[in-house]
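Student: I want to go through the ligand site and the pockets. Can we start with the terms?

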Amino acid sequence: MIDRISLSSDLSFSRIIYGMWRLSDDQNTSVDHVRAKISACLDQGITTMDQADIYGGYQAEEIMGAALTPALRNRIEIVTKCDIVAPVGRYGDRRVKHYDTSRAHITASVDHSLRLMGIDHIDMLLIHRPDPFMDADETGATLDDLVRSGKVRAVGVSNFKLHDWTLLQSAMKTPLLTNQIEMSLGHIAPFTNGDLAFLQERKIAPMAWSPLGGGSLMTGKGGHGKLRTALAALAKEQGVDMAAVAIAWLLAHPARIMPVMGTNNLSRINALHDALKVTIDRQTWFELYTYALGDEVP
Ligand SMILES: NC(=O)c1ccc[n+]([C@@H]2O[C@H](COP(=O)([O-])OP(=O)(O)OC[C@H]3O[C@@H](n4cnc5c(N)ncnc54)[C@H](OP(=O)(O)O)[C@@H]3O)[C@@H](O)[C@H]2O)c1
C-alpha cells in the first residue's frame, strides 16, 4: 500500500495522487470506466484525486461526479482548483482568457464544483495560477470564509512563486498547505531555482504535475535520448517500467513530493505503485539528473 503524506493534523494525502486533467480525453468516459479507474487507484492506496474546474472544458468534475457513490466519495480526498477563466463552456461569452481571484468568482466556482461533483465539501481548494490582478485581502478573506463555512476543508495554491505565496498567505488566517508545481526529469528547474527550496523551508509538501513530462519522457517526443536509455536500464535492473523509475526519482527527493499522475490507461494505473519498489540512491539520483541537465553538475 502506498504511504501517506500528512499535510495538517487532520488532513493527509496519498503519496501518489491521481490527476483528472485528461479524464475527458479518454475515449471511454462512462460511469463504469471512471469507477474502474478510481477503484484501481484505491486498490493501491491512491486515495487523492486532483481536479480543476477548467479540466475538460469545465466538464471533468461532472464526469467524475457521475461515478461517485456516497461510499466511494468517503474513501477519497478531492482536490480541485479555480481562477482560470477560459472563453469555453460556461464562460463561452468571455472575450479573453484571464484569471479571476475575486470573491464572486471563487465562491461561484466552488459552488459549481460542489454541484458538478455531487459533494458537500472539497478536501482542498487550490488557486490554479497566480493572478497578476489579485486583491490579496479579498482573495485571502474569501478563502478563510470558505474554510469557515465547511465547503472547503483546506486551501493551497498551484504554480506559485515564493512572492505569490507570501502575498496571499499574509492576507489569510488559514495556512496554505501545498503548492502544485511542474516537476519531473523533463522539468528540473524547481530543484535549483528556489521553487522547491522555499517549500522545504516551510515544511510544505509539494505536488508535482506532469511528473512524466506529460508523457514525453516515455514517448521520447521531447528528446531525452540518454535520459531514456538510463531510465530503461534502471527499469530493467529493478523489474519495473520506465515510468516507475521516473516517479521514484521524484519520490526519493527529501522534499516529500507528491506526483500527480495523469494516465488514462487502466493497466498503467494498476502499476502506479511500482514506483515505490524502486531504490534510487544519491548517485543514481544524480545520474538521472545529469542526463536531464545535459551535462555533469559543475
Ligand atoms: N496545476 C497545474 O497547472 C497542472 C497542469 C497540468 C497538469 N496538472 C495535473 O497533473 C496531472 C498529471 O498531468 P499529466 O497528465 O501531464 O501527467 P503525466 O503523468 O506526466 O502524463 C500523462 C500522459 O503521459 C502518457 N503516458 C503515461 N505513461 C506512459 C507510457 N508509459 N508510455 C506512453 N505514454 C505514457 C499518458 O498517456 P496514457 O493516458 O495513454 O497512459 C498521458 O497522456 C493532471 O491530470 C492534472 O491533475 C496540473
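Tutor: First, the residue classes. Ala, Val, Leu, Ile, Met, Phe, Trp, Tyr, Cys and Pro count as nonpolar; Asp, Glu, Lys and Arg count as charged; the others, Gly among them, are polar. Note also that this is a predicted model.

Student: By class, how many residues of the lining of the largest pocket are nonpolar, polar and charged?

Tutor: The lining of the largest pocket comprises 37 residues. Divided by class, they are 17 nonpolar, 13 polar and seven charged.

Student: Which residues of that lining lie nearest the centre of the largest pocket?

Tutor: The pocket has a volume of about 860 Å³. Nearest its centre lie Trp21, Arg22, Ser210, Gly214 and Gly262.

Student: Which helix gives the most to the lining of the largest pocket?

Tutor: Three elements each supply at least two lining residues: H9, helix H11 (242-251) and E12. With three residues, the top contributor is H11.

Student: Where does the ligand sit?

Tutor: Look at the shell first. Helix H9 (216-219) and strand E12 (258-261) each supply at least two residues around the ligand. H9 and E12 each supply at least two residues of the lining of the largest pocket as well. The ligand sits in the largest pocket.

Student: Which residues come nearest to the ligand?

Tutor: The shell holds 28 residues. By class it has nine nonpolar, 14 polar and five charged residues. Those that come nearest are Arg22, Asp50, Ser210, Thr263 and Arg268.

Student: How much of the ligand's accessible area does the protein cover?

Tutor: On its own, the ligand has 920 Å² of accessible area.

Student: What is the volume of the second largest pocket?

Tutor: Its lining includes Arg129, Phe160, His187 and Trp209. By class, that lining divides into four nonpolar, three polar and four charged residues. The volume of the second largest pocket is about 160 Å³.

Note on methods:
Residues numbered from 1 in each chain as written. Predicted model: local features only at pLDDT ≥ 70, side-chain atom pairs only at ≥ 80, totals over all residues. Heavy atoms only, no water. Near = heavy atom within 4 Å. Areas by Shrake-Rupley, 256 points an atom, 1.4 Å probe, with all protein chains shown as cover. 1 Å grid on protein atoms, 1.4 Å probe; cavity = no way out; pocket = protein on both sides within 12 Å on 5 of 7 lines; lining within 4 Å. Sits in = over half its atoms within 2 Å of the grid points. Helix = DSSP H or I, 4+ residues; strand = E, 2+ residues; numbered from the N terminus. Points joined across faces, edges and corners; volume = space filled by probe spheres on them.
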